[in-house]
Structures are given as C-alpha cells and as structure tokens.
Amino acid sequence: MMLTFMEERRNKRTAAVVLAAGSGRRMGSRTKKQYMLMKEKPIIYYSLRAFQNSFVDEIVLVVSPGDIDYCRSEIVEKYGFDKVCSIVEGGKERYHSVAIGLSSISSCDYVFIHDGARPMLTEEILERAFDCVYTYDACVVGMPVKDTIKIADYEGNIASTPKRNLVWMVQTPQVFSFPLIREAYRSLLEKEQKLLKDGIVVTDDAMVVETLTGHPVKLVEGSYENIKITTPEDLVIAENFLKE
C-alpha cells in the first residue's frame with residue numbers, strides 16, 4: 001500500500017537550529033536582546049515554544065559564549081522545552097554559529113535554521129516550509145516587498161529599479177535537507193578564506209547553499225508579522241502582534 005504525502009512526511013526526522021548568540025547592540029540595552037522580556041517572557045522563549053509545540057523532533061540552541069548554564073536553567077528547564085537536546089556556544093560570525101549547530105545534530109532528514117530574535121514564528125509557517133522543503137530540498141521563508149526597491153551605486157545614486165513582484169524580504173526559518181546543508185557548510189568552512197579574499201560575504205543560509213552547491217532555493221510565504229527584533233521599535237511592534 002502506497003503511503004500518502006502526509007504519511008511519508010511524518011516519517012521524516014526533523015531538527016531545528018535556533019540561533020541566540022547575538023549581542024543586540026542596536027537595542028541600546030545591557031541585556032542581550034534574546035533575553036529581553038516581551039509580555040513577561042524572554043524573546044527567545046517564543047521561538048523555542050513554536051518548535052517545541054510543532055512536529056520538529058529536536059532543537060539545538062546556539063547561544064553566546066558563557067550563556068549555556070543560564071539558558072539551560074532560566075530558559076530550557078524553566079519553561080519545559082524538553083525538545084532542546086543540545087545547548088552550544090556560537091562562533092564569531094552567524095555562519096560559524098550555524099555550522100556549530102549543525103555539527104551538534106547526529107542525524108535527521110531536514111533541518112530548520114531560525115533566528116531566535118524572530119519570536120512570531122507560527123505553526124502555519126512551519127507547515128508551509130516543511131511541505132516546500134520536502135519537495136525541493138531547500139527553501140527560505142519570506143514575503144514579497146510592499147515598497148518599490150531601488151538599487152544604489154557606490155555614490156548613493158539610483159542604479160536600477162528591480163520589478164517589485166520579483167523582490168522578497170527573506171526571513172527565517174530557512175530549511176534544507178540535512179545532507180545538502182551539511183555539505184554546503186563543510187565546503188564553506190573549507191573555502192572561507194578564499195571567499196573572504198574574493199569579497200564574498202555570506203549573509204544567510206540560502207546564500208551558503210546557492211554559492212557552495214549551486215542548488216536552487218525555493219521561496220515560501222512566511223508572514224509580514226514574522227519580524228526580527230533588532231531595534232526597540234521592533235519590540236513594540238512584536239508586542240502589539242502578541243496582543244492580537
């Protein structure tokens with residue numbers, strides 16, 4: 001008897017790498033932004049809760065150096081996030097932290113890489129991303145831009161205007177088959193110095209896959225509410241979303 005799409009998907013093992021190793025300097029606070037309170041809970045709580053309550057099997061939490069004990073006692077144990085199987089210290093750059101998180105996963109079929117400073121992650125976003133990655137092996141969550149975008153030259157003049165229907169704001173999670181993303185990051189670390197010398201700066205996981213493997217990455221709809229907390233204004237906006 002042939003398995004249905006949903007039955008086949010349920011048989012796949014999934015993991016999440018949640019990044020919480022940033023300093024949050026633009027928040028203007030001595031408290032790291034992932035630990036700042038939003039409706040009496042730390043920001044990182046909401047991302048972890050989304051994965052804890054989802055189909056994801058295990059979570060790797062990547063934190064700043066020296067924060068492992070704090071996160072274990074004040075976040076993971078306090079709120080009962082028993083899917084968190086590893087808490088590890090991040091690296092110098094975001095891609096170093098992702099690589100460390102990936103190395104902490106023993107085996108899975110698909111991995112969700114998510115910024116812990118995006119607290120508005122929902123089950124619907126996770127389900128759409130899982131459906132997409134199951135078909136294409138690589139996808140990123142995002143939304144079409146609402147504004148006209150201009151490409152500037154190095155003197156601050158408008159160089160071009162891309163078609164708005166082709167421009168997306170990329171979010172997280174970014175989701176990949178585990179063998180694909182593991183190989184992409186292995187190749188990235190191996191070629192890191194050459195890429196830097198050539199002026200190639202990796203800014204997200206999709207770029208790692210595109211640059212190091214050539215594998216196409218599908219865009220899948222997230223939500224305009226799935227914002228990243230970067231400035232104090234973002235925190236106010238996210239709190240208003242929570243009220244709704």
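Biologist: What makes Phe112 buried?
Modeller: Bear in mind this is a predicted model. Phe112 has a relative accessible area of 0%, and buried means under 20%, so Phe112 is buried.

Biologist: And why does Phe130 count as buried?
Modeller: Its relative accessibility is 2%. The cut-off is under 20%, so Phe130 counts as buried too.

Biologist: How do you know whether Tyr79 is buried, exposed or partly exposed?
Modeller: Tyr79 comes out at 22%. Buried would need under 20% and exposed over 50%, so Tyr79 is partly exposed. Phe81, at 4%, is buried.

Biologist: Why is the pair of Tyr79 and Phe81 called tilted?
Modeller: The centres are 6.2 Å apart, and pairing takes centres within 6.5 Å. The planes are at 35°; stacked is under 30 degrees and edge-to-face over 60, so this one is tilted.

Biologist: Then what makes Phe112 and Phe130 edge-to-face?
Modeller: Their planes are at 70°, and over 60 counts as edge-to-face. The centres lie 6.1 Å apart, so the rings pair within the 6.5 Å limit. Phe112 lies in strand E6 and Phe130 in helix H5, so the pair ties together parts 18 residues apart in sequence. Both rings belong to one aromatic cluster that includes Phe51 and Tyr134.

Biologist: How do you know the charged end of Lys218 sits over the ring of Tyr136?
Modeller: It's 4.8 Å from the ring centre, with the limit at 6 Å, plus an angle limit of 35 degrees from the ring normal. Lys41 sits over the ring of Tyr45 in that way, at 5.5 Å.

Terms used
Residues numbered from 1 in each chain as written. Predicted model: local features only at pLDDT ≥ 70, side-chain atom pairs only at ≥ 80, totals over all residues. Heavy atoms only, no water. Phe/Tyr/Trp six-rings, centres within 6.5 Å; stacked < 30°, edge-to-face > 60°. Buried < 20%, exposed > 50% of the residue type's maximum accessible area, 1.4 Å probe, protein only. Helix = DSSP H or I, 4+ residues; strand = E, 2+ residues; numbered from the N terminus.
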